[in-house]
Number of protein chains: 2
Amino acid sequence: MSDADEALVVFTPSGRRGRFPVGTPVLEAARALGVDIDSVCGGRGLCGRCQVDLCEGHFSKHGVESWPDHLSAKSDTEQAWETRRGPLRDGRRLSCSTQLLGDAVIDVPASSQVHRQIVRKRAEVLDIELDPIVRLYYVAVQEPDMHVPASDLRRLKDALAYEWHLAELETDIRVVQQLQQALRQGHWGVTVAVYDDRRLIGVWPGFQSQVYGMAVDVGSTTLAAHLCNLQTGEVVASAGRMNPQIRYGEDLMSRVSYIMMNPGGDQAMTRSVRDALNELTVELATEADVHVDAILEATFVGNPIMQSLVFGINPVELGGAPFALATDEAIDGLWATEMDLVIHPNARVYGLPCIAGHVGADTAGMILSETPYLGEELMLLVDVGTNAEIVLGNRHRLLACSSPTGPAFEGAQISGGQRAAAGAIERVRIDPLTLEPRYKVIGGELWSNEPGFDEAAAPYGVTGICGSGIIEVIAEMYLAGIINQDGVVQGDLATRSERIVADGRTFAYVLHRDATRTIAITQTDIRAIQLAKAALYAGIRLLMEHFGTERVDRIRLAGAFGAHIDVKYAMILGLIPDCDLDHVTAAGNAAGTGARIALLSRRARREIEEVVRRVEKVETATEPRFQEHFVAAMAIPHRHDPFPQLRAEVTLPAVTAESPAASRGGRRRRRQRA
Amino acid sequence: MSDADEALVVFTPSGRRGRFPVGTPVLEAARALGVDIDSVCGGRGLCGRCQVDLCEGHFSKHGVESWPDHLSAKSDTEQAWETRRGPLRDGRRLSCSTQLLGDAVIDVPASSQVHRQIVRKRAEVLDIELDPIVRLYYVAVQEPDMHVPASDLRRLKDALAYEWHLAELETDIRVVQQLQQALRQGHWGVTVAVYDDRRLIGVWPGFQSQVYGMAVDVGSTTLAAHLCNLQTGEVVASAGRMNPQIRYGEDLMSRVSYIMMNPGGDQAMTRSVRDALNELTVELATEADVHVDAILEATFVGNPIMQSLVFGINPVELGGAPFALATDEAIDGLWATEMDLVIHPNARVYGLPCIAGHVGADTAGMILSETPYLGEELMLLVDVGTNAEIVLGNRHRLLACSSPTGPAFEGAQISGGQRAAAGAIERVRIDPLTLEPRYKVIGGELWSNEPGFDEAAAPYGVTGICGSGIIEVIAEMYLAGIINQDGVVQGDLATRSERIVADGRTFAYVLHRDATRTIAITQTDIRAIQLAKAALYAGIRLLMEHFGTERVDRIRLAGAFGAHIDVKYAMILGLIPDCDLDHVTAAGNAAGTGARIALLSRRARREIEEVVRRVEKVETATEPRFQEHFVAAMAIPHRHDPFPQLRAEVTLPAVTAESPAASRGGRRRRRQRA
């Protein structure tokens with residue numbers, strides 16, 4: 001039983017409880033008990049972030065009994081809030097505007113907690129704790145008094161210390177420049193943005209509740225960005241566009257070569273990617289109906305060369321041995337203006353750390369997103385692009401390398417290859433008896449042997465074959481016996497099927513033929529895929545060998561490639577080591593997810609900075625064992641122990657200038673020195 | 001006696017001593033003992049900053065006996081240094097390149113100490129400890145190794161931690177951007193600039209020994225700047241120029257009015273003063289033969305309005321009550337680029353704190369320069385401009401105010417007045433019997449009654465009378481009885497001297513007359529000086545009253561006015577309170593000196609920031625006692641206790657729109673609201 005002048009209140013889910021004088025606002029009681037309730041406006045009924053669910057009641061031996069008059073009636077402030085923002089959910093109240101009149105049990109919903117969890121879609125990784133580095137605070141500042149000549153800034157800081165316990169704040173000069181007008185326009189009420197609990201970076205007149213951040217993945221082909229509400233963690237807009245640096249070179253190495261041969265080329269590329277980012281930013285802001293000035297933070301991931309260029313660092317050292325990074329630290333607290341970004345001029349930028357010369361901040365983002373470092377399970381992360389970034393490990397140890405797969409997996413250097421786009425063959429099945437194929441194209445639901453396929457495919461036709469289609473067709477060719485374990489097209493099958501045709505001194509398999517186009521898988525195509533998959537597999541084997549394991553528990557395939565391929569075929573072809581198929585899954589844009597996690601959580605930044613320092617970097621270019629694994633992996637699916645005769649049979653990539661492994665370090669370096 | 005394999009070394013003046021193995025470099029021994037010896041190159045014989053005087057010797061019961069072979073012979077490194085930089089002074093050695101071979105007494109001269117004292121010219125204040133916020137360090141960095149993939153920045157930091165014990169450094173992005181090229185150009189040796197022992201702000205290939213800073217005094221009329229070598233404290237160039245904001249208004253209040261009436265006017269003034277600063281910077285750098293990129297720090301002082309404008313803060317709030325400053329903190333760690341300065345883009349800027357709406361960073365600079373807060377002596381500091389800034393106090397208590405003297409002391413609003421320039425009368429004597437004057441003009445050595453005066457003055461003629469001349473002529477007129485204690489020109493003297501002439505209903509005193517020009521001191525001129533000196537004296541009395549004292553121990557007169565007036569006349573006229581004349585001295589540009597001290601000493605910055613927080617601000621505009629003191633001080637020299645009849649006699653400034661005290665708060669404010 002409560003005393004006549006006091007009320008007992010219990011907060012759930014924390015279980016904290018205490019007695020307070022009748023008339024105490026619920027928010028005040030919560031704070032006195034250290035209950036985690038959010039508020040931007042400081043209890044003024046403006047922000048609506050302090051909502052609670054009221055299970056009002058009376059404590060008796062039977063538990064809590066409903067007793068509706070134990071809380072004050074809906075206040076004018078709450079009604080005014082509802083007029084502006086729409087009705088409160090049933091049973092919800094603004095805790096700042098509700099007084100305790102008697103005993104009560106009060107639930108703080110997850111959405112009202114400061115340090116609430118953002119629930120991620122996948123269940124197997126930890127949720128992100130929402131803890132953005134920029135937070136807004138509304139504060140009422142004392143008017144100036146000639147007899148107490150404290151400056152506007154000092155009175156603002158006094159108010160922030162008193163209301164929000166923010167002490168010893170530093171201040172951006174632009175805040176000082178804008179402060180006096182903001183205070184007077186806001187009638188001595190302003191909203192400030194505080195960076196990392198230590199620095200004032202923004203000020204607006206009156207109450208302002210919106211603050212946004214941008215997470216950017218700078219790919220060599222594509223720029224992708226998410227705009228997030230930093231107070232809810234919600235993605236409010238997403239957009240992508242081509243990286244305009246492509247005009248300086250399709251792949252990374254040709255861009256570095258461009259810079260080597262064109263002084264100032266790095267600055268031109270930096271400008272071009274930043275210009276594109278700014279266009280992307282405006283697009284995101286327009287889509288979400290947000291002013292670009294409300295964007296106060298941006299995070300970046302990218303491979304080492306992309307990350308260097310976006311931050312204005314000349315990447316030429318990454319074009320040749322010893323592949324020295326300028327920095328392997330996170331880029332922390334950079335001003336957006338230092339990158340000429342169009343977001344709030346005091347916005348800050350965070351770049352995830354690069355790990356080594358070939359293992360970039362995108363890999364750090366993938367590690368942060370997939371968190372292999374948290375579990376006992378041995379996890380293999382693979383992100384396939386022109387290079388494959390490979391991470392292997394668990395909470396005890398993490399290894400990483402980059403393997404030069406070349407662009408074959410993306411459909412480049414393949415006779416009928418193309419990027420994944422409408423009209424591209426992406427699924428293939430071959431009847432092992434007739435050797436006849438059926439396939440599906442991107443944008444179509446039907447198999448090619450189903451009625452209506454031609455009509456459905458008519459708008460674009462069958463235009464080529466994309467990366468996942470190539471994996472499938474070669475795996476199916478292997479399963480149907482059209483190629484042997486060494487990848488050789490069996491010319492004697494030409495007698496059984498007209499799909500097998502001579503192509504010079506080798507044979508090809510005709511997958512599609514119509515009036516305008518023939519798509520055939522040639523011996524050269526198969527060799528290109530063998531080289532790519534051997535490089536990938538050799539990198540994985542190298543890490544497994546360094547780790548001292550013959551098996552992995554889980555495989556996560558990141559990026560577009562991982563999202564599109566059928567993992568069964570990847571395993572048939574020997575791209576990845578044996579693993580329970582249920583444990584091989586696509587990770588989506590894990591690098592971008594890592595950027596988003598870093599945007600929403602300060603703790604995550606410190607975590608990935610600490611983790612990348614522990615990552616053991618394995619250099620494929622100088623590891624003799626990589627070459628051995630590479631040779632062994634040319635076979636389908638692969639040979640763990642290379643046979644001497646196989647080594648003689650295939651062209652060893654280490655000694656030819658054209659192999660992807662050799663070209664990276666050797667040839668480019670010579671060109672640089674020439 | 002020393003052991004055969006060890007040598008005893010004693011360092012003076014520290015007296016630190018220890019035994020070291022024979023062969024130990026002297027610098028190493030010094031560091032092991034914590035002896036303060038400077039070095040930029042880290043013991044490589046490049047910088048020459050570690051020079052010591054060798055009193056080599058042998059310790060016996062007779063003291064130290066000379067024993068020349070107890071130190072290694074002059075090394076190749078030292079000889080190479082001498083070839084580059086000239087011979088070492090007799091007995092001097094580079095301590096990094098000299099080994100202990102036996103017992104030795106070694107003197108570290110002041111110029112080789114890291115925390116050496118800069119001896120200032122005046123003896124009565126403490127010397128400055130040279131402790132600039134930016135320091136250079138040369139360091140050799142390990143070459144990159146593909147098998148240990150630490151980034152260039154990490155290896156640089158490792159080397160800085162190892163060689164210089166600089167740990168946990170943050171890094172400007174421009175350093176990251178320049179690092180790789182600098183390392184390779186410098187063959188893995190670079191010089192870095194470290195800000196406040198915590199952040200890398202510059203990097204250069206190889207050894208670089210020059211780093212400069214700029215101390216700037218932003219006056220409403222004049223910009224003055226000193227370029228200092230931050231390693232020696234030496235001023236290498238000084239220059240000044242007009243503040244181009246004058247085109248927006250001669251005095252502060254007319255500039256603020258301009259801004260009130262012209263939106264964007266503040267930005268135009270900010271641009272104009274920064275442009276002039278940049279021209280001044282180039283002039284200084286050219287004069288000293290220093291590249292502007294070697295300037296890594298700048299400090300600023302100015303009155304509140306000038307300080308606001310140079311930092312891009314709109315000063316309109318300072319144009320009317322309650323005169324709220326945007327900030328009363330120091331502007332700390334601003335990037336030079338945020339002010340569009342042409343010095344090193346990573347240079348940082350420090351602005352001394354303003355104290356109150358009328359008491360600026362220039363006053364803080366004066367306090368830092370004069371250090372009244374250190375002694376028991378009660379010190380009065382006065383800086384006379386359009387306003388007079390007045391500081392009174394000692395180590396126990398400091399008071400400050402600003403008093404609206406108006407521009408009369410600068411020769412403005414005086415019929416024959418002009419700025420201090422060649423041809424202006426600056427010294428005056430009047431014969432009390434004949435009432436005949438004699439005078440000197442700026443640029444001339446002769447009195448006007450001495451033979452050759454006219455010839456000497458011919459190039460410019462006698463053009464007017466400057467501030468110090470006005471003080472003297474009015475004081476001499478008082479001493480000669482031409483004016484009475486109330487400042488009234490005694491018309492009956494016209495019978496005795498034709499110098500006394502009627503001027504409307506009052507009389508004037510003709511000081512100079514030639515073919516082209518008559519310079520007379522009118523009753524209006526005398527009233528203007530009376531108003532100005534009354535405002536000054538009333539401010540001083542107000543502070544004395546708040547302090548509870550009737551006397552001061554020492555008076556320091558800062559600025560051009562203080563430098564030119566004869567303090568005797570200032571006391572006769574009653575500008576300043578009675579004080580032993582020997583204790584009334586000119587302080588020179590004390591504000592500018594304060595900026596220079598802050599440039600050279602980090603400790604001084606913390607000191608002045610702490611001191612200004614303790615200063616008690618007295619607001620003359622709202623203190624009724626100020627008006628009473630003002631009225632009393634109209635008399636010559638002054639009346640401490642105002643007589644009621646005098647109040648009726650003179651026009652009370654508080655109730656007229658034209659008085660300087662009233663115009664500041666009242667009239668401008670009304671205009672702003674209109």
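Start in chain A of this predicted model and select Leu381(A) together with Arg556(A), its bridge partner in E29(A). Now extend the selection to the two strands concerned: E20, residues 379–384 of chain A, and E29, residues 554–558 of chain A. They run parallel and are joined by five bridges.

Next, bring in the rest of the sheet. Its order in chain A is E30-E29-E20-E21-E22-E31, six strands that form an open sheet with mixed pairing. Colour strand E30 (584–588) and strand E31 (616–617) of chain A separately; these are the edge strands, each pairing on one side only.

Select residues 361–370 of chain A for helix H8. Helix H8 lies across E20, strand E21 (388–394), strand E22 (397–403), E29 and E30 of chain A. The angle between H8 and E20(A) is about 140 degrees. Then select residues 523–547 of chain A, helix H11, which packs on the sheet and touches E20, E21 and E22 of chain A. The direction of H11 makes about 155 degrees with that of E22(A).

Move to chain B and show helix H8 (residues 361–370) with helix H15 (residues 602–614). Their axes come within 10 Å and cross at roughly 115 degrees, and the crossing is right-handed.

Which residues of H8(B) and H15(B) meet here? Show side chains for Ala364(B), Ile367(B) and Leu368(B) on H8(B), then for Ala604(B), Ile608(B), Val611(B) and Val612(B) on H15(B). Coloured by class, this contact has seven nonpolar residues, no polar ones and no charged ones.

Methods:
Residues are numbered from 1 along each chain as its sequence is written. Chains are lettered from A and ligands numbered from 1 in the order in which they are written. This is a predicted model: local features need pLDDT of at least 70, side-chain atom pairs count only at pLDDT 80 or more; totals for chains, interfaces and linings use all residues. Two strands pair if DSSP finds at least two bridges between them. Helices (H or I, at least four residues) and strands (E, at least two) are DSSP runs, numbered from the N terminus. Two residues are in contact if their C-beta atoms, placed from the backbone, lie within 7 Å. Axes are lines fitted to C-alpha atoms, for helices over the stretch in contact, and angles run from 0 to 180 degrees between N-to-C directions. A crossing is left-handed if the near helix is turned anticlockwise from the far one by less than a right angle, and right-handed if clockwise. Ala, Val, Leu, Ile, Met, Phe, Trp, Tyr, Cys and Pro count as nonpolar, Asp, Glu, Lys and Arg as charged, and the others, Gly among them, as polar.
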